[in-house]
Each structure stands twice: as structure tokens, then as C-alpha cells.
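The following report examines selected features of one structure. The sequence and the coordinates are shown first.

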Amino acid sequence: MYHLLVNSPFGTEAATLLPRVETMIPVLYFGLFAMSFDFISGYTGYLSFGHAAFYGTGAYFVILTANDKIPLLPPGTPFMVSLVVAGLVAVALALAIGAVSFRLTGVYFAMITLGFAQVLYVFVRGWDYVGSNPRDGIFLNGANGLNIGVPGVDALNLSIGALTGDEVSLGFVHLGQTEVSYYMIGLVVLVCYFAMQRIIHSPFGKVMVAIRENEERAIAVGYDTFRYKLGAFAISAFFAAVAGGLLAGYERTVSPDESFNFLVAGDALLASIIGGFGTLAGPLYGQLFNETFREFLSKAGEGGGLLPYLRTHLGSGVMGTTIYNGLTVQGAIETFLNGHASLYVGTLFVLFVLFVPNGLLGTLRDRLGGPVSKEIPARLRRFR
């Protein structure tokens with residue numbers, strides 16, 4: 001679809017506005033991490049500021065397994081198996097952290113989870129076992145990509161990776177390495193989304209929402225809320241670790257700063273607020289909005305974005321025009337647009353908190369009067 005639009009008569013505008021496939025892959029796996037954050041924070045009301053601990057656990061576990069540094073798991077262990085085991089390790093870690101943390105509420109819960117994550121962050125940065133320079137991260141040994149598919153069924157396995165993925169030709173359609181990685185990672189994210197959605201709509205999920213709305217009342221009607229909160233925390237940790245494993249599988253490298261750092265959980269919080277807390281799919285849209293906005297403002301020659309668009313389409317006469325006190329149009333573009341994407345994203349975040357508190361999907365749900373997946377088909381049926 002992206003290539004069709006880029007090659008259409010509106011190709012220049014499409015390349016300027018639409019994110020590239022290379023941008024969409026991080027949106028998918030980090031969007032899954034943001035959804036796992038929303039699963040516990042948006043549906044139980046307990047903000048897990050240390051959720052990066054599970055994301056980093058998944059990422060490190062997958063690479064250490066492939067590098068033959070996990071006992072009982074040889075380097076040839078299928079990627080999907082290591083992904084599931086990484087999730088189970090994160091579940092065990094979440095049970096240990098949650099058993100202590102859920103004795104607190106509110107900001108104290110957020111702070112203690114952040115404290116646990118920081119302990120792990122400092123530990124991994126100095127853990128010589130993972131590599132010769134743990135502060136800078138570790139790399140995946142070997143030249144082959146990691147396969148996503150059913151273990152033992154070779155025809156269904158396709159490798160992902162920025163430079164090591166498979167290429168597939170289906171009739172007239174040829175998918176390169178990046179496109180194959182995009183669809184395979186998207187498939188895993190889709191399965192995880194439906195699994196979390198199913199849990200939320202189960203009796204277990206109803207209790208999670210009851211805890212968020214009024215925990216004292218949930219206790220009064222007989223629910224052991226501590227067990228439910230601990231279970232929800234463990235489930236969210238599983239999917240956070242899967243997201244981290246996808247990061248490691250695609251990038252083939254991981255560092256403490258991009259996995260265990262508390263700013264990673266901060267980015268998930270940002271995506272959740274922009275997309276909509278308590279909407280599950282909202283954080284994915286929030287992350288897409290965030291990355292698209294950054295790419296739109298910060299690309300400087302990769303083929304799209306506002307900056308190269310203005311450089312190409314504004315003539316030299318316009319670019320050299322003085323606006324104020326010797327400042328030309330070109331100078332203003334370079335000064336206010338080039339390299340300032342994070343500044344504008346931060347401003348946008350403040351505006352979202354002030355004027356769109358329910359986020360993109362939450363606001364759309366409020367306007368439609370119910371879940372988007374139900375309301376839009378119902379409205380379309382009225383026109384039949």
C-alpha cells in the first residue's frame with residue numbers, strides 16, 4: 001500500500017506524510033509493549049513505572065539464548081520457544097516484584113516498581129556474564145536471522161532481522177527483508193493483542209475493571225483483589241517480554257538503555273496517554289502517532305518528511321527571502337524544524353493531557369458512544 005501511494009500522482013505528499021516500513025516495525029513491537037503496560041495500568045489503575053524490567057528481560061533472554069548463555073537452552077533453540085520461555089521468566093519476575101509491590105497503592109506502587117526496575121538496570125549494566133562490555137549492550141552472534149513460525153515446520157518459518165531476514169516472492173508480489181519482518185512481527189503482535197483482548201473480556205478482566213473503578217467494593221463483594229492484581233501483573237509482564245524479544249530478534253542487539261531504562265516505560269506511558277488509557281489498542285495508535293510525528297519533523301534526506309519537502313518545493317527565491325532581522329526562510333526552517341522533533345512531541349504531549357485526556361481512541365469511543373469495533377459496523381449497517 002505504501003509503495004502504491006508513493007508511486008501514485010500524490011507520491012511526494014504520501015512520502016512526506018506516511019511512515020516508512022522501517023518505522024512501522026518498531027511501532028509494532030514497542031506498541032505491543034505499550035499495550036502490555038496499558039493492560040495492567042489502564043485496566044486495574046495501578047501505574048507500573050518499572051515495566052521496562054520485563055521488556056528488558058525478554059530482550060536479553062532471547063539474545064542470551066541464541067548466544068548459548070542460558071543453561072538447558074542450546075543456541076539452536078527455536079526463536080518462538082525462546083520467546084515463550086522469556087515470557088515465562090518475566091512472569092516469575094513479575095510475581096516476585098508484584099508480591100511486594102501490591103502491598104502498596106497509588107504513587108507508592110508506581111515508585112516501588114520503578115525502584116525494582118532501576119535495580120535491574122544497574123545490575124545488567126555491570127553484569128560481565130552477558131558480554132565484554134555490558135554497559136554498551138550485547139549483540140547476537142552468527143549471521144542468520146531468527147525464525148518466526150511453528151517450530152519444526154520449516155515451511156512456516158520466516159526469518160526476521162534488519163539485515164538477515166528472509167525474502168519471499170508470491171506471484172507478482174516480492175517481499176524484501178524489511179517487509180517480511182514487518183508482516184511476521186505484525187502477526188505475533190496481532191496474536192498477542194487478541195489474547196489480551198480475550199482476557200479483558202473474560203470474568204477475570206471484569207474483576208480488573210472493578211478494581212480500577214472501586215477496589216474496596218470489589219473486596220466487599222468477595223474478590224481477593226491481591227490475587228487478581230498479581231495475575232494481571234504477571235500476564236502483562238509476559239507480553240512485555242514478548243515485545244522485548246521481538247526487539248532483540250529484529251535489531252539483533254540490545255542495550256540496558258533501550259530496554260531496562262525507566263525512560264522506556266516513560267515512552268510506553270506517553271503512547272498510552274496519546275492513544276487512550278484503558279483501550280488496549282489505543283497505545284499502539286499512540287505509538288504510531290508518536291513515531292509518525294517524529295519522522296515527519298526529523299527526517300532530513302531519507303526520502304520524506306517536512307524538512308526535505310520544503311527544501312525541494314520552495315524555490316531558491318523563497319528560501320532566500322528575509323523574514324525578520326536577517327533571518328531567511330531557509331534559516332528559519334533549519335532553526336525551528338531541523339532536529340527539534342522531541343521538543344514538539346513534548347509540547348504535543350502536554351496538549352494531549354490538557355485537551356484530549358482520553359486519548360485518540362478513548363475520545364473516538366466517547367464520540368461514538370461505545371467500542372469502536374462495535375459502533376462503526378453498527379453505523380455502517382444503517383446505510384444498507
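Contact here means that heavy atoms lie within 4.5 Å. The model is predicted, and the descriptions below should be read accordingly.

## The loop between α4 and α5

Aspartate 68 belongs to the loop between α4 and α5, the latter comprising residues 79-101. When neighbours within four places in sequence are left aside, aspartate 68 is in contact with Leu73, Pro74 and Pro75. Its relative accessible area is 49%, so aspartate 68 is partly exposed; the exposed class begins over 50%. The backbone of aspartate 68 has a positive phi of about 60°, although the residue is not a glycine.

Leucine 72 counts as exposed because its relative accessibility is 85%, against a threshold of over 50%.

Helix α3 (residues 21-44) and helix α7 (residues 177-200) have axes that come within 9 Å and cross at roughly 15°. That angle makes α3 roughly parallel to α7, since angles under 35 degrees fall in this class. The crossing of α3 and α7 is left-handed. On the α3 side, the residues that meet α7 include Val21, Ile25, Leu28, Leu32, Met35, Phe39 and Tyr43. On the α7 side, those that meet α3 include Tyr182, Ile185, Val189, Cys192, Tyr193, Met196 and Ile200.

Helix α7 also packs against helix α9 (residues 225-251), at an angle of about 180° and with the axes 11 Å apart. The two helices are therefore roughly antiparallel, the class for angles over 145 degrees. From α7, Thr178, Ser181, Ile185, Val188, Val189, Cys192, Ala195, Met196 and Ile199 take part. They meet Ile235, Phe239, Val242, Leu246 and Tyr250 of α9.

## Aromatic pairs

How many aromatic pairs does the structure hold? There are 20 aromatic pairs. One of them joins tyrosine 60 and phenylalanine 260, whose ring centres are 5.5 Å apart and whose planes stand at 50°, so the pair is tilted. Tyrosine 60 lies in helix α4 (residues 52-66), whereas phenylalanine 260 lies in the loop between α10 (256-259) and α11 (262-275); the pair therefore ties together parts that are 200 residues apart in sequence. Both tyrosine 60 and phenylalanine 260 are buried.

Phenylalanine 238 and phenylalanine 239 form an edge-to-face pair, with 5.3 Å from centre to centre and 90° between the planes. Phenylalanine 239 counts as buried because its relative accessibility is 7%; the limit for this class is under 20%. Phe239 is also among the α9 residues that meet α7. Elsewhere, ring pairs link Tyr46, Phe54, Phe102, Phe109 and Phe233 into a cluster. A charged side chain is placed over another ring: lysine 69 lies over the face of tyrosine 129, at 5.4 Å from the ring centre.

## Serine 48

Is serine 48 buried or exposed? With a relative accessible area of 1%, serine 48 is buried. Serine 48 is found in the loop between α3 and α4. Not counting residues up to four places away in sequence, serine 48 touches Phe37, Ile40, Ser41, Phe109, Thr113 and Phe233. Two of these, Phe109 and Phe233, belong to the aromatic cluster.

## Glutamate 258

Glutamate 258 lies in helix α10. At 34% relative accessibility, glutamate 258 counts as partly exposed. Leaving aside neighbours within four places in sequence, glutamate 258 is in contact with Tyr55, Leu247, Thr253 and Val264. Glutamate 258 and alanine 52 are 206 residues apart in sequence, yet their C-alpha atoms are 9.1 Å apart in space.

How values were computed: Residues numbered from 1 in each chain as written. Predicted model: local features only at pLDDT ≥ 70, side-chain atom pairs only at ≥ 80, totals over all residues. Heavy atoms only, no water. Phe/Tyr/Trp six-rings, centres within 6.5 Å; stacked < 30°, edge-to-face > 60°. Helix = DSSP H or I, 4+ residues; strand = E, 2+ residues; numbered from the N terminus. Buried < 20%, exposed > 50% of the residue type's maximum accessible area, 1.4 Å probe, protein only. Lys NZ or Arg CZ within 6 Å of the ring centre and 35° of its normal. Axes fitted to C-alpha atoms, helices over the stretch in contact; angles between N-to-C directions. Parallel < 35°, antiparallel > 145°, perpendicular 65-115°, else oblique. Left-handed = near helix turned anticlockwise from the far one by under 90°.
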